[in-house]
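Open your viewer, load the model and keep the selection tool at hand. We will go from one stop to the next.

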Amino acid sequence: GKLYDLLGITSCVSIPVAHCKRSFAVVIDGTSFGRLSYSGDCRPSNRFAGVGNGTDLLIHEATFENGMEEDAVLKRHSTVGEAIRISSKMNEKALVLTHFSQRYPKIPLLEDEDHHEKRIPVVVAFDFMRLTPDSLQLASQLVPALRLLYPPSKSDSDDQDEAGKATAKQLMSVPGAFAVRGVL
């Protein structure tokens, strides 16, 4: 109908997911990204992965960091690793991780990204972030810069990579890379 014509959408399919009553993921064709798949709040869903196979951009919630699978199951959310594994099943071209718990103020480790057979851009979303197809690659390179803003606590044993710090500092020197025009 009219909404499809106005937005250029050629298909929109909702997929029931495990979270609360009437929770759905969605796969939309015809966006500026091409095929876009959005998990919404949910546990990992093989059905969603099947329907969204071949997606150009997957936006998947990753409320909990790896090692917190029990909490993720109890609260019906996904961990970073679970989201990355679903993305691998979908054969996507780019992944945006979102919906991180406010209780854990640090940038999640993407340790499972090595399980990806192909290297794809993985973006860690934040409030008011605005992405375009052209900015996905740059946004994926911001992860080390974001880690500088939220360093690991003393109890974390993970040391930051010096090359990552240098890259992060270079990226942070580009003012307004993701700012909405007129806001900053």
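The tour begins with the whole chain and then turns to single residues.

This is a predicted model, where local features need pLDDT of at least 70, side-chain atom pairs count only at pLDDT 80 or more, and totals for chains, interfaces and linings use all residues. Residues are numbered from 1 along each chain as its sequence is written, and side-chain values use heavy atoms, with hydrogens and water left out.

**Whole chain.** Colour by secondary structure: there are seven helices and six strands, taken as DSSP runs numbered from the N terminus (helices H or I, at least four residues; strands E, at least two). Along the sequence they follow α-β-β-β-α-β-α-α-β-β-α-α-α. Of the 184 residues, 40% are buried (buried is under 20% relative accessible area, exposed over 50%, partly exposed in between; 1.4 Å probe, protein chains only).

**Ser 78.** Select this residue in the loop between helix H3 (69-75) and helix H4 (80-90). Is Ser 78 buried or exposed? Ser 78 counts as buried because its relative accessibility is 0%. A polar atom of its side chain lies 2.8 Å from the backbone oxygen of Cys 42. Beyond neighbours within four places in sequence, the contacts of Ser 78 include Arg 43, His 60 and Phe 64 (contact means heavy atoms within 4.5 Å).

**Cys 42 and Cys 20.** Cys 42 is buried at a relative accessible area of 0%, whereas Cys 20 is partly exposed at 47%. The whole structure has zero disulfides, a disulfide being a pair of cysteine sulfur atoms within 2.5 Å.

**Salt bridges.** How many salt bridges are there to find? The count is three, using a side-chain nitrogen of Lys or Arg within 4 Å of a carboxyl oxygen of Asp or Glu.

- Select Arg 43 and Glu 82: their closest N and O atoms are 2.9 Å apart. Arg 43 lies in the loop between strand S3 (34-38) and helix H2 (46-51) and Glu 82 in helix H4, so the pair ties together parts 39 residues apart in sequence. Both Arg 43 and Glu 82 are buried.
- Go on to Lys 93 and Asp 56, which meet at 2.8 Å, N to O. Lys 93 sits in the loop between H4 and strand S5 (95-98) and Asp 56 in the loop between H2 and strand S4 (57-61), so this pair ties together parts 37 residues apart in sequence. Lys 93 is exposed, at 54% relative accessibility.
- Finish with Arg 35 and Asp 29, whose side chains also meet at 2.8 Å, N to O. Asp 29 is buried, at 17%.

Definitions and conventions. A polar contact is a pair of N or O atoms within 3.5 Å; within protein, one must be able to donate a hydrogen and the other to accept it, and residues adjacent in sequence count only if both atoms are side-chain atoms.
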